[in-house]
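I opened this entry to record what I looked up about the ligand site and the charged pairs. The notes follow in the order in which I checked them.

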Amino acid sequence: MINFINNLPKAELHLHIEGTFEPELMFNLATKNNIKLPYQSIEELKKAYNFDNLQHFLDIYYKGTSVLIEEQDFYDLTYNYLKKCASQQIRHVEIMFDPQSHTSRGVNFETIINGISKACLDAERSIGVTSLLIMSFLRHLSEEEAIKTLKQSLPFKKNIKAVGLDSSEKNNPPSKFQHVFLEATKQGYIPVAHAGEEGPSEYIWEAIELLKVKRIDHGNNALNDLDLIDTIKNRNIPLTICPLSNLALKVVDKLEEHPLKKLLDSGLEVTINSDDPAYFGGQLNKNYIEIQKALNLTKFDLYNLAKNSFQHSFLNDDKKEQYLTELEVYYNKNK
Ligand code: ADE
Ligand code: ZN
């Protein structure tokens, strides 16, 4: 089964590039950029990776981002992750980035987007991993700040496919960001949002009805509301589920209690993702492996999850078809 997963062609649709920051690179960049991290060593930093909840994690995650200064830093962060994709048979990835966690420290938008975009371009050429970018607004900040960020992004519109909404969910409902999402959609960005990770099912409703999202990131709490499940199904909106993240942030107590199987059984389109792999104890394949074990998923389930990942990507139809055909051939040979 592990072999089957490791070689399964797949896409990753929920991944924060700042969440791929490995401690070794973080300390190297801190030294290079002369920034003091509040940890004396890699070991001390890793000890802090024991989270009570989303906010506790975010406090540590934003400290990590503080050492990203130059275009090359964003390039290295992104390229390192894309190399990991190639080794896990991840054919395609949709990368979220949080411009506000950098522009708020004086880093130019251009520096961020150029570093990330160049790494994506180079990785596609040299290792064949395709990618696109999702610019995420930090929901603990105001909508005004998000509008400022949207404006900063417009000269680089061709590099960005979608907009997202992340950070502290509780008390920061999607309704707070209606105007900026409407404007972003008019500008051609595809809307997605984190909803129902720690927040209630009402936030998922708001993301669908008010932000008009095409994908829900997480969405675990949808299970509490049968009407919502029907609406998500009827509108063909996928959920990007992140098992090891949910475990690390205590959204679930045990993987055996993870709602993924119930969501699948209710007919929802679900994908498996790593969210912030450097912090949550595993890359994408480990997420597949652990959730397979915990929920006793079959090869057919895993094939369907990988199929969903391509089908619900924002790739053009030709490229989707190419990856889906490759997956089909793989499954027929290895089922
Ligand atoms: N930013 C990075 N990871 C996140 C998560 N799991 N939820 C909300 N915001 C995030
Ligand atoms: Zn996330």
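I began with the surroundings of ligand 1 in this predicted model. The residues around ligand 1 are H16, L54, F57, L58, Y61, D166, S167, H194, E197, H218, D275 and D276. I sorted this shell by class and got 4 nonpolar, 4 polar and 4 charged residues. I then asked which element gives the largest share of the shell around ligand 1. That element is helix α4 (residues 54-65), with 4 residues.

Next I looked up polar contacts to nitrogen atoms of ligand 1. For D276, I found a polar side-chain atom 2.7 Å from a nitrogen atom of the ligand. For E197, an N or O atom of the side chain is 2.8 Å from a ligand nitrogen. For S167, the backbone supplies the atom: an N or O there lies 2.8 Å from a nitrogen of ligand 1. I also checked how much of ligand 1 is covered. Taken alone, ligand 1 exposes 270 Å², and the protein buries 100% of that. As for where ligand 1 sits, I noted the largest cavity.

Last, I turned to salt bridges. Side chains of opposite charge can pair when their charged atoms come close. I have 14 salt bridges down for the structure. One of them joins the side chains of E71 and K118, at 2.8 Å from N to O. This pair links distant parts of the chain, with the two residues 47 apart. E71 belongs to helix α5 (residues 71-87), and K118 to helix α7 (residues 109-127).

Terms used. Residues are numbered from 1 along each chain as its sequence is written. Chains are lettered from A and ligands numbered from 1 in the order in which they are written. This is a predicted model: local features need pLDDT of at least 70, side-chain atom pairs count only at pLDDT 80 or more; totals for chains, interfaces and linings use all residues. Side-chain values use heavy atoms; hydrogens and water are left out. A residue is near a molecule or strand if one of its heavy atoms lies within 4 Å of it. A polar contact is a pair of N or O atoms within 3.5 Å; within protein, one must be able to donate a hydrogen and the other to accept it, and residues adjacent in sequence count only if both atoms are side-chain atoms. Accessible areas come from the Shrake-Rupley method with a 1.4 Å probe; for residues, only the protein chains shown count as cover. On a 1 Å grid over the protein atoms alone, a cavity is a set of points where a 1.4 Å probe fits but cannot get out, and a pocket is an open set with protein on both sides within 12 Å along at least five of seven lines; lining residues have an atom within 4 Å of a point. A molecule sits in a cavity or pocket if more than half of its atoms lie within 2 Å of its grid points. Ala, Val, Leu, Ile, Met, Phe, Trp, Tyr, Cys and Pro count as nonpolar, Asp, Glu, Lys and Arg as charged, and the others, Gly among them, as polar. A salt bridge is a side-chain nitrogen of Lys or Arg within 4 Å of a carboxyl oxygen of Asp or Glu.
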